[in-house]
Structure formats: C-alpha cells, structure tokens
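Please read them with the structure open.

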Amino acid sequence: MDLRETDEQQMLRTSVAAMAAKYGHDYLIAKAKTGEKTTELWAEAGEAGYLGVAVPAEYGGGGAGMVELAIVAEEIAAAGCPLLLIVVSPAIAASVIATSGTPEQRERWLPGFATGRTRMSFAITEPDAGSNSHKITTTARRDPDGAGWRLSGRKYYISGVDETEATLVVARLEDAASGALRPAMFIVPTDTPGMSYQPIDMAITSPERQFTVFFDDALLPDDALVGGEESGLAALFSGLNPERITVAAYSNGLARYALRKGTDYARDRSVWGAPIGSHQAIAHPLAKAHVEVELARMATTRAAWLYDAGDHAAAGEAANIAKYAAAEAAINAVDAAVQAHGGNGMSVEYGVGTLIGAVRTARIAPVSREMILNYIAQHTLGLPKSY
Ligand SMILES: Cc1cc2nc3c(=O)[nH]c(=O)nc-3n(C[C@H](O)[C@H](O)[C@H](O)COP(=O)(O)OP(=O)(O)OC[C@H]3O[C@@H](n4cnc5c(N)ncnc54)[C@H](O)[C@@H]3O)c2cc1C
C-alpha cells in the first residue's frame with residue numbers, strides 16, 4: 001500500500017495553493033464586508049480546470065475524481081479563502097448529474113461544471129423536517145395541462161442561491177393515481193417563475209449567503225427531473241458522499257490555515273520575556289490540533305479514495321467519519337489559534353476569529369455530528385436505532 005500522493009496530485013496541490021495564495025483571507029473578508037462575491041477566485045479556479053477536475057473528460061473536465069476535488073477544496077481553504085460553493089456545485093450537483101442525469105442533462109450541464117462557469121446550489125433542508133429528510137414536504141405534481149411539473153414547498157439555509165444558475169432540489173413526487181409520495185430531484189433554474197428566495201442573516205463571516213427558498217406552483221419542464229421517477233433516492237445518494245468528503249476537505253484546509261496563523265503568532269508574541277509558544281498551555285492545544293487535523297486529512301483521503309474506487313458502501317461510512325473528524329479538528333484548531341492570539345484572536349484584523357462561524361457550521365451541516373454518531377452507532381456498531 002502506497003499512501004503517498006501521485007506526482008500529478010502533488011502538482012495539483014502545489015498549483016492550487018499557489019493560485020489561492022494570491023487571494024488569501026483578507027480578500028475573503030473584504031468581499032464579505034462589501035457583500036461582493038469571490039468572483040475572481042472562482043473564475044480563476046474554473047479556468048485553470050480545478051473546479052472541474054472531477055468532471056468526466058468527455059464533457060471537458062479533468063476526468064479525475066474525488067481525491068483531486070478534495071485537494072482543490074482543501075488547498076483553497078488552506079489559503080484562508082474557502083469556497084463553500086465547491087461543496088454544492090462541483091461536488092454535489094456535478095456528481096449527481098454525471099452519475100444519474102440523462103444524456104441530455106449531462107450534455108447541458110457538465111461542460112459548464114467543467115469550467116466552473118455553471119454553478120448550481122443544492123436544496124434539501126426544510127424548516128419542518130430538518131435532519132429528518134423523510135419528512136420533507138416540497139412536492140412535485142404533474143401539471144394538469146401536461147406542461148411538465150408543478151413544484152411547491154419551502155427550503156431553508158440554502159447556500160449560494162443568489163449566485164447560482166439553478167438549484168438542485170430534493171422533493172417528493174406525487175403519484176397522480178395513488179397519491180403516494182416518493183423522493184425525486186429536480187433541476188430548477190433560479191429565475192423560474194414561482195421560485196423566490198430571501199437571505200437569512202447568518203452569524204458567519206462569509207461572502208456566500210444562505211437563503212429561505214419558496215416554490216409556489218413553480219412550473220418545471222419534463223426534463224427537470226433527475227434520475228427518473230423511480231430513482232430519485234439513488235440520485236440523491238450519489239451526491240451525499242461527495243458532499244461530506246468536500247466539507248471534510250474544506251474543514252481540513254481551514255484548520256491548516258488557523259494552525260499556521262496560531263503557531264506564527266505564538267512564535268513571535270512575547271509577554272513574559274519568552275515567546276508565548278514556549279508555554280505548554282499555548283503549545284499543546286496547537287500540537288494536539290495538528291495531530292487531529294492530520295488524522296482527519298487521512299480519513300478524508302481514504303473516503304475519497306473509496307468513493308473513486310466505486311466502493312460506495314465503504315465510502316458512506318468513511319465519508320461520515322471524515323466529515324466528523326475534520327469538523328471536530330477544525331473547531332479545535334481555530335479555538336487553539338484564537339486562544340493563542342489572546343484579544344487579537346477576536347479581531348477581524350488578525351484573521352482567525354473570522355473563521356469561527358465557518359468551522360462551527362461544519363459540525364452542523366450538511367449532516368450534524370449527532371446524526372453521524374447515530375449512523376455509526378446503528379450501522380457500524382449494530383446498536384438499536386435511537387430515534
Ligand atoms: C451555513 C449553512 C449552510 C447550509 N447550506 C445548506 C445547503 O446549501 N443546502 C441545504 O439543503 N441545507 C443547508 N444547510 C442546512 C443544514 O444541512 C442543516 O442545518 C442540518 O442538516 C441540520 O438540520 P436543522 O438545522 O434543521 O437541525 P435539526 O434537525 O432541527 O437539529 C437540531 C439539533 O438536534 C440534533 N438532532 C436532531 N435529530 C437528532 C437525533 N435523532 N439524535 C440526536 N440529535 C439529533 C441535531 O444534530 C442538531 O444538533 C446549511 C446550514 C448552514 C448552517
């Protein structure tokens with residue numbers, strides 16, 4: 001077994017890091033403050049082929065896999081300018097369409113994902129369902145005049161709706177005869193009449209925003225349905241592991257960024273005649289966080305590797321483990337870096353307190369720490385279902 005990255009993967013890592021270093025955390029904060037988007041960074045990453053690295057080569061993508069997309073997500077975050085939309089657009093939406101889309105949907109959307117020019121958000125969470133996606137009520141019915149589908153319902157905390165061309169919506173399909181509901185996914189252009197959205201005021205420093213999204217009898221064409229009438233669940237599952245793996249990679253990158261800031265500061269800052277990093281109370285939390293981050297990075301690569309190898313059953317557990325480990329490691333890394341900075345840790349200028357919202361989110365979304373532990377308890381350890 002060779003755990004080292006290939007020459008191509010190392011080269012990808014180095015070039016993404018070099019590109020992202022031109023932007024950095026100050027760029028992200030400036031954009032968040034003015035309400036602008038990270039348009040230049042996204043465009044450069046797209047043109048260089050980084051965002052489309054996992055899109056099949058026949059559609060103009062890099063033809064690589066989740067290991068490579070995770071490298072891209074991690075290195076951009078490690079420069080302090082994380083792109084949350086990597087998780088929803090190239091990871092979830094492009095994976096779902098590549099694996100479950102019709103030939104026409106692949107033709108229509110994948111070339112845009114390959115260059116990053118197309119961005120798609122992803123909407124599953126609903127106010128009255130939350131973690132229990134079995135309870136979602138956003139429903140699609142056949143249009144009575146045969147024009148396509150009519151979609152109604154409400155989603156919340158949907159990232160990036162304002163900067164994406166379409167939203168991949170998880171809904172329920174109503175069988176006209178029996179009234180039975182089954183899961184289904186739809187591509188909904190964000191300018192569809194009957195779709196509207198409102199920003200949620202979030203406690204996170206980020207240019208990307210979250211929205212409540214409303215579908216009021218929105219009319220969708222027949223070919224908006226992804227995965228067919230019977231295979232909505234399979235289509236959804238094809239996006240969940242990429243989602244978890246890239247959130248893990250994103251968290252690992254943020255953790256590395258915070259650790260670098262924390263250790264640099266602890267080396268330079270002196271208040272009792274010696275650098276504060278010589279006090280173990282400051283050094284040990286940073287060292288412990290480093291160990292945790294390296295373990296999380298290994299778990300993330302393993303999950304991505306299993307996914308690319310087509311072992312989706314093993315990748316499911318591995319992606320949950322990676323996402324859990326990475327979120328916890330990133331929270332601890334940012335906390336240690338903030339503590340090392342003292343009061344400066346809570347200023348915007350020093351650029352570590354500004355990460356608290358982003359890493360804390362990773363414990364909640366896209367699947368919470370508790371739901372991962374439920375999954376491991378039940379499916380890995382064979383314990384009784386607790387809810
Ligand atoms: C910044 C951000 C971005 C997001 N982006 C998107 C997006 O783009 N698209 C999208 O669809 N969603 C998005 N979400 C939503 C996110 O996926 C949900 O917030 C998350 O899945 C949890 O659902 P909930 O908020 O309804 O919490 P709830 O389900 O109400 O849970 C509340 C708390 O109870 C715990 N809990 C619930 N059930 C159990 C149980 N059975 N056992 C133990 N504990 C339990 C949870 O772990 C959590 O701690 C985003 C959220 C945030 C904060």
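1. Is Asp-217 buried or exposed, judged by its C-beta neighbours inside 10 Å? The model is predicted, so treat what follows as computed from it. Asp-217 has 11 C-beta neighbours inside 10 Å. A residue with 12 or fewer is exposed, so Asp-217 counts as exposed. Asp-217 is found in strand β7, residues 210-220. Its phi is near 55°, a positive value in a residue other than glycine.

2. Tyr-157 lies in strand β3. Around Tyr-157 there are 20 other C-beta atoms within 10 Å. The cut-off for buried is 20 or more, so Tyr-157 is buried. Both backbones deserve a look, because most residues other than glycine have a negative phi.

3. Check the peptide bond between Ala-365 and Pro-366. This bond is cis, with omega about 0°. Pro-366 is found in the loop between α10 (356-362) and α11. For background, most peptide bonds are trans.

4. Now the domain layout. The protein is divided into domain 1 (7-119), domain 2 (122-229) and domain 3 (233-380). The C-alpha centres of domain 2 and domain 3 lie 30 Å apart. Ten residues of domain 2 are in contact with ten residues of domain 3. On the side of domain 2 that touches domain 3, six residues are nonpolar, four are polar and none is charged.

5. The database annotation can be set beside this division. An unreviewed UniProt entry lists residues 6-116 as "domain: Acyl-CoA dehydrogenase/oxidase N-terminal". Over residues 6-116 the chain is 69% helix and 0% strand. The end C-alpha atoms of that stretch are 25 Å apart. The unreviewed entry also lists residues 231-379 as "domain: Acyl-CoA dehydrogenase/oxidase C-terminal". Residues 231-379 are 76% helix and 0% strand, with end C-alpha atoms 23 Å apart.

6. Next, the strand pairing. Strand β4 (residues 166-174) runs antiparallel to strand β5 (residues 181-189), and nine bridges join them. Leu-168 has Ile-187 in β5 as its bridge partner. β4 and β5 form a hairpin with six residues between them. In the turn, Gly-179 has a positive phi of about 80°.

7. β5 has a further pairing to inspect. β5 and strand β8 (residues 225-226) pair in the antiparallel sense over two bridges. Here Phe-186 has Leu-225 in β8 as its bridge partner. When following the side chains, recall that in a regular strand they alternate between the two faces of the sheet.

8. Which residues come nearest the ligand? Of the 23 residues around the ligand, these are Gly-130, Ser-131, Ser-368, Glu-370 and Tyr-387. The shell divides into 13 nonpolar residues, nine polar and one charged.

9. Where does that shell come from? Domain 2 (122-229) and domain 3 (233-380) each give at least three residues to the shell around the ligand. By element, β1 (120-123), β3 (149-159) and α11 (369-380) each supply at least two. β3 is also the strand that holds Tyr-157. The loop with Pro-366 lies between α10 and α11.

How values were computed
Residues numbered from 1 in each chain as written. Predicted model: local features only at pLDDT ≥ 70, side-chain atom pairs only at ≥ 80, totals over all residues. UniProt positions renumbered as here; feature names shortened; annotations may be inferred. Helix = DSSP H or I, 4+ residues; strand = E, 2+ residues; numbered from the N terminus. Near = placed C-beta within 6 Å. Nonpolar A, V, L, I, M, F, W, Y, C, P; charged D, E, K, R; others polar. Domains from an automatic or database assignment. Pairing = 2+ DSSP bridges. Contact = placed C-beta atoms within 7 Å.
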